Amino acid sequence: MPVAPNDVRPFAALDDVDRAILTELAADGRLPNNALAERVGVAPSTCLTRTRALRECGAIRGFHAEVDPAAVGLPLQALVSVRLTAHERAAVDAFRARSVRLPGVVSVFHVAGAEDYVLHVRAASGDALRDFVLDHLAVDPAVQHTQTSLIFEQARGMG
């Protein structure tokens, strides 16, 4: 059963071995179970059981391949900040639900500050990015304001 992002209750029971598994998998999600078990100092069967439990409780959200966006025809990336017109829970939740399904959206961040959301978007071109903003955000009555920042370079951190 998926865990709601704000539900930290299942994570309170994680011990040092669980946290070590998470740390190793965050660094290399393709690490074979035997190597993972060796790195964290447990038997492979224990490691496999623990990893499955971490997936089931939502501590591991999934595994994915990190693909160069240009390789799939989406070389342009941007962060689009969005300010909503209303801040009632229903309006905020509805915007989030819509925005994660928009074409080209990689991630949606609900943030504090002057803006309410930041959308990480990939597009084929500047024209496609403009069309995304105009066709999906500017026409949304829930959206009061947008600001787009192009991403020149992205480097992934260790955390």
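Tutor: Let us begin with domains, whose bounds come from an automatic or database domain assignment. The model shown here is predicted.

Student: Into which domains is the chain divided?

Tutor: The division gives domain 1, residues 11–57, and domain 2, residues 69–151. Taken over C-alpha atoms, the centres of domain 1 and domain 2 are separated by 34 Å.

Student: What is the strand order of the open sheet?

Tutor: Two strands count as paired if DSSP finds at least two bridges between them. Here 4 strands form an open sheet in the order 2-3-1-4, and the pairing is antiparallel.

Student: How many bridges join strand 1 to strand 3?

Tutor: Strand 1 (residues 76–84) and strand 3 (residues 117–123) run antiparallel and are joined by 7 bridges. Opposite Leu79 stands His120 of strand 3.

Student: Which strands does helix 4 lie across?

Tutor: Helix 4 (residues 89–99) lies across strand 1, strand 2, strand 3 and strand 4, and runs at about 15 degrees to strand 3.

Student: Is Ala13 buried or exposed?

Tutor: A residue counts as exposed over 50% relative accessible area. Ala13 has 66%, and is therefore exposed. Ala13 belongs to the segment before helix 1 (16–27). Its C-alpha atom is separated by 24 Å from that of Leu31, 18 residues apart along the chain.

Definitions and conventions: Residues numbered from 1 in each chain as written. Predicted model: local features only at pLDDT ≥ 70, side-chain atom pairs only at ≥ 80, totals over all residues. Heavy atoms only, no water. Helix = DSSP H or I, 4+ residues; strand = E, 2+ residues; numbered from the N terminus. Contact = heavy atoms within 4.5 Å. Axes fitted to C-alpha atoms, helices over the stretch in contact; angles between N-to-C directions. Buried < 20%, exposed > 50% of the residue type's maximum accessible area, 1.4 Å probe, protein only.
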